[in-house]
Amino acid sequence: MRITTKGEYGIRALLELAQRYGEGPVPSAVIAAAQHVPENYLDQILLLLRRAGLIRSIRGPAGGHMLARAPEEINLGEVLAVLEGTFEPMECVNPDFSDCMLLESCTIRRVWRELKHVTDEVLYSTTLAHLVEQSQPRTEQLIYFI
């Protein structure tokens with residue numbers, strides 16, 4: 001799985017919203033500036049996240065975006081499924097796939113299935129709250145010169 005800029009920017013936007021969870025709506029421009037994401041592209045991503053029920057948006061001068069659920073309840077697996085689609089290292093890991101004569105005896109298929117399982121396990125167990133905990137404090141450090 002290769003994460004595109006859409007997936008990366010979407011996760012960064014949600015991380016910003018998670019860091020500001022409970023503070024009210026956050027304008028797109030603030031998210032874009034804080035996460036160094038082009039605002040026009042961000043708006044397209046936020047629309048997808050809103051349609052998927054991951055964020056709520058409020059229009060108007062005091063409007064913006066906020067998480068639809070607590071950061072502990074949103075995981076990277078569901079975010080990437082919305083923005084990138086499901087992770088399948090090969091077509092044959094899909095249970096509905098049948099277009100291969102070696103399907104049942106394929107040793108490599110077992111590796112692809114394990115890769116999918118491990119990747120899904122990491123993504124679906126990592127929440128936005130985990131990312132917030134791991135992120136740097138938002139306070140600025142003062143530098144003193146002697």
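At roughly what angle do the axes of helix H2 and helix H3 cross, and within what distance do they come? The points below take this up first; the model is a predicted one.

1. Helix H2 covers residues 28-35 and helix H3 covers residues 39-51. Their axes come within 9 Å and cross at roughly 115 degrees. Angles of 65 to 115 degrees count as roughly perpendicular, and H2 and H3 are therefore placed in that class. The crossing is right-handed.

2. On the H2 side, the contact is made by Ser28, Ala29, Ile31 and Ala32. H3 contributes Glu39, Leu42, Asp43 and Leu46. Sorted by class, the contact of H2 with H3 has 5 nonpolar residues, 1 polar residue and 2 charged residues.

3. His36 lies in the loop between H2 and H3. Its phi is near 55 degrees, a positive value in a residue other than glycine. As background, most residues other than glycine have a negative phi.

4. Is His36 buried or exposed? His36 counts as exposed because its relative accessibility is 65%, and the cut-off for exposed is over 50%.

5. Elsewhere in the chain, Lys116 belongs to helix H5, which runs over residues 107-125. The side chain of Lys116 is joined to that of Asp120 by a polar contact of 2.8 Å. With neighbours within four places in sequence left aside, Lys116 is in contact with Phe87, Pro89 and Val93.

Key
Residues are numbered from 1 along each chain as its sequence is written. This is a predicted model: local features need pLDDT of at least 70, side-chain atom pairs count only at pLDDT 80 or more; totals for chains, interfaces and linings use all residues. Side-chain values use heavy atoms; hydrogens and water are left out. Helices (H or I, at least four residues) and strands (E, at least two) are DSSP runs, numbered from the N terminus. A polar contact is a pair of N or O atoms within 3.5 Å; within protein, one must be able to donate a hydrogen and the other to accept it, and residues adjacent in sequence count only if both atoms are side-chain atoms. Contact means heavy atoms within 4.5 Å. Axes are lines fitted to C-alpha atoms, for helices over the stretch in contact, and angles run from 0 to 180 degrees between N-to-C directions. Angles under 35 degrees count as roughly parallel, over 145 as roughly antiparallel, 65 to 115 as roughly perpendicular and the rest as oblique. A crossing is left-handed if the near helix is turned anticlockwise from the far one by less than a right angle, and right-handed if clockwise. Ala, Val, Leu, Ile, Met, Phe, Trp, Tyr, Cys and Pro count as nonpolar, Asp, Glu, Lys and Arg as charged, and the others, Gly among them, as polar. Buried means under 20% relative accessible area, exposed over 50%, partly exposed in between (1.4 Å probe, protein chains only).
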